[in-house]
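Thanks for coming. I have one chain to go through today, and I will keep to the side chains and how they pair.

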Amino acid sequence: MVTDYRPQVRRVLVLTLLLNLFVLALKATLGLWTGSLSVIADALHSVTDSASNVLGLVTSRLSSPQPDRDHPYGHQKFEAVGAIGIAAFLGVACLEILKGVVDRLFFGGREVAMASWVLWLMLVVLGVNILVAFYERRVGVKLGSKILIADAHHTMSDIWITITVIAGLIGVWVGYPWIDLVLAIPVAALVFRSGWEVLRENLPWLVDETAIAPEAIHKAVMEVPGVLNCHDIASRGLIGRQVFVEMHLVVEAKDVKTAHDITEAVEEQLEKRFSPVRVMIHIEPPDYKSEQISYGEGTIH
């Protein structure tokens, strides 16, 4: 019997979401009070932490791979649609930060206000981020949760950004206000990078890009006893979440039951290699010949 760890994963995600929202609110407040563009950029980057938690919860509860009448291929693309929205927001946020840098350079503007308590609160933010990252990673490794491990990795990037911003605030405090503008640019670039990574990870899923190399599927299928040929292979989805595989199969069978048993073995083989998968197999006559592994130029050698 397979243990369902989703309730534990959801509890961890809810807790880290609350902590990330606290961090986001604190950074935004400090950014508005000080007028520091680097702190505001850091707050915008923290939006991705909270959004990542929300997407994790959606994945765990709402983006079910289970089909229904209206969504026979499951609901997981809802997560990708939300992720694209987050990427768009981060792109706009990056442009706004850079616009603020240009405005301050050429048109002047509000000076950065600093006080010792600002640094102490930023250290609190740093401590919370470190706690979240290590807690998520520890539980993620224990439960084998890819969502938690990936989220912990993302939070680690936020830690380094916050350290950079704190260093900049110290520079402003000791009399070098231009450091805030200098650091706002790389932090804004990291915000853009986060948005790009979200887009890069989810866009192939939405446009049904090949999920598994046809050659890898062909090799795995040909290892199953009774399989004579496997061709016209197609796959889509995302490995580790849900993959759909279609293929044409030639099997050594003289009756329907034997052919069915071989296809069941093929499905088990693919499930073992690329879980979770849903496989659609079209059986060809035993004398059928094809050299086409997949669509395009791939052929069987």
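Two aromatic pairs are counted here, in what is a predicted model. One of them is Tyr176 with Trp178, an edge-to-face arrangement with 6.2 Å between the ring centres and 80 degrees between the planes. Tyr176 is partly exposed, at 43% relative accessibility. Trp178 counts as exposed, because its 52% is over the 50% cut-off.

Which helices supply the patch with at least two residues each? They are helix H5, residues 146-173, and helix H6, residues 178-206. Trp173 sits in helix H5 and is partly exposed, with a relative accessible area of 46%.

Now the charged side chains. In general, side chains of opposite charge can pair when their charged atoms come close. The structure holds four salt bridges, and I will show some of them.

Take Asp208 and Arg236, which meet at 3.9 Å, N to O. Asp208 is in the loop between H6 and helix H7 (214-222), while Arg236 is in strand S1 (residues 227-238), so this bridge ties together parts 28 residues apart in sequence. Is Arg236 buried or exposed? Its relative accessible area is 19%, so Arg236 falls under the 20% limit and counts as buried. Asp208 is partly exposed at 36%.

Next, Glu223 and Arg273 form a salt bridge whose closest N and O atoms are 2.5 Å apart. This pair links distant parts of the chain, with Glu223 in the loop between H7 and S1 and Arg273 in helix H8 (residues 256-274), 50 residues apart. Glu223 is partly exposed at 42%, and Arg273 is partly exposed at 41%.

Lys257 and Asp261 make a salt bridge at 3.0 Å, N to O. Both are in helix H8, four residues apart, which is about one turn of the helix. Lys257 is exposed at 57%, and Asp261 is partly exposed at 38%.

Last, the chain as a whole. It has eight helices and three strands, in the order α-α-α-α-α-α-α-β-β-α-β along the sequence. Of its 301 residues, 45% count as buried. Among contacts with a separation of 6 or more, 72% are between residues 24 or more positions apart. The accessible surface comes to about 16400 Å², with 65% of that belonging to carbon and sulfur atoms.

Note on methods
Residues are numbered from 1 along each chain as its sequence is written. This is a predicted model: local features need pLDDT of at least 70, side-chain atom pairs count only at pLDDT 80 or more; totals for chains, interfaces and linings use all residues. Side-chain values use heavy atoms; hydrogens and water are left out. Rings of Phe, Tyr and Trp (its six-membered ring) pair if their centres lie within 6.5 Å; planes under 30 degrees apart count as stacked, over 60 as edge-to-face and the rest as tilted. Buried means under 20% relative accessible area, exposed over 50%, partly exposed in between (1.4 Å probe, protein chains only). Contact means heavy atoms within 4.5 Å. Accessible areas come from the Shrake-Rupley method with a 1.4 Å probe; for residues, only the protein chains shown count as cover. A salt bridge is a side-chain nitrogen of Lys or Arg within 4 Å of a carboxyl oxygen of Asp or Glu.
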